[in-house]
Amino acid sequence: MKPEPGRVNVVKEFQDWASACEAEAGEYHDHLANQIKFELQDVRAFLEVVKQRDDCAARLAKAKTKADKWRTEVASGSTINDKQIQQKEADLASEDDLKNLLEVLTKMILGREIQGVWSQKIKTFRKTVLDFATAQLETTNRLSQVWQSMLSGASAQ
């Protein structure tokens with residue numbers, strides 16, 4: 001039986017490489033993947049508020065139509081019974097409530113608060129990407145050192 005040809009023992013280097021790859025996956029998950037997931041959740045929530053605002057505007061348009069009919073009827077001098085008075089008051093109150101709700105929802109979407117939130121989100125995203133890039137560079141340098149170590153060991157033999 002022939003003796004095995006000489007070879008460089010690179011087991012430790014491959015173990016180091018595997019550890020670095022595992023760390024890299026963790027860094028990706030901790031920094032970038034989670035940030036993107038949070039951004040998606042925030043955008044979905046924002047779109048839900050926009051949808052609620054649009055739904056409220058549609059309900060307000062219907063309530064305004066009903067309230068305008070009551071205003072026209074009262075202005076024309078028509079008499080209305082007790083049941084109609086209750087309905088008129090309910091329709092006018094509904095119009096006011098929806099007007100107030102629409103104003104609040106619009107302010108939430110367009111107001112300064114949202115601008116501040118989005119500015120902060122941009123800063124957070126930039127920092128997260130920078131942290132991830134820094135961690136990637138450190139991992140790449142560590143992997144380079146692993147291979148340099150292996151090559152140095154191979155040339156010494």
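**Starting from one lysine**

Reply: K12 is exposed, because its relative accessible area is 52% (buried means under 20%, exposed over 50% and partly exposed in between, with a 1.4 Å probe and protein chains only). The model is predicted, so local features need pLDDT of at least 70 and side-chain atom pairs 80 or more, while totals for chains, interfaces and linings use all residues. Residues are numbered from 1 along each chain as its sequence is written, and side-chain values use heavy atoms, without hydrogens or water.

Me: OK. What does D16 form with K12?

Reply: D16 and K12 form a salt bridge, and their closest N and O atoms are 2.8 Å apart. The term covers a side-chain nitrogen of Lys or Arg within 4 Å of a carboxyl oxygen of Asp or Glu.

Me: How far apart are D16 and K12 in helix 1?

Reply: D16 and K12 are 4 residues apart in helix 1, so about one helical turn separates them. Helices here are DSSP runs (H or I, at least four residues), numbered from the N terminus.

Me: And is D16 buried, exposed or partly exposed?

Reply: D16 is partly exposed, at a relative accessible area of 29%.

Me: How many salt bridges does the structure hold?

Reply: The structure holds 10 salt bridges. One of them joins the side chains of D42 and K121, at 2.1 Å from N to O. D42 is in helix 1 and K121 in helix 3, so this pair ties together parts that lie 79 residues apart in sequence.

Me: Is K121 buried or exposed?

Reply: K121 is buried, with a relative accessible area of 14%.

Me: Where do D131 and K127 lie?

Reply: D131 and K127 both lie in helix 3, 4 residues apart, about one turn of the helix. Their side chains also meet in a salt bridge, 2.8 Å from N to O. D131 is partly exposed, with a relative accessible area of 26%.

Me: Which residues are linked in a network of salt bridges?

Reply: K64, D68, R71 and E95 are linked in such a network.

Me: New topic. At what angle do the axes of helix 1 and helix 2 cross?

Reply: The axes of helix 1 (residues 11-75) and helix 2 (residues 82-110) cross at roughly 150° and come within 8 Å. Helix 1 and helix 2 are therefore roughly antiparallel to each other.

Me: What do those words stand for?

Reply: Axes are lines fitted to C-alpha atoms over the stretch in contact, with angles from 0 to 180 degrees between N-to-C directions. Under 35 degrees counts as roughly parallel, over 145 as roughly antiparallel, 65 to 115 as roughly perpendicular and the rest as oblique.

Me: Back to helix 3. Where is Q145 found, then?

Reply: Q145 is found in helix 3, which covers residues 112-156. Q145 counts as exposed because its relative accessibility is 55%. From C-alpha to C-alpha, Q145 and D16 are 9.9 Å apart in space, though 129 residues apart in sequence.

Conventions
Helix = DSSP H or I, 4+ residues; strand = E, 2+ residues; numbered from the N terminus.
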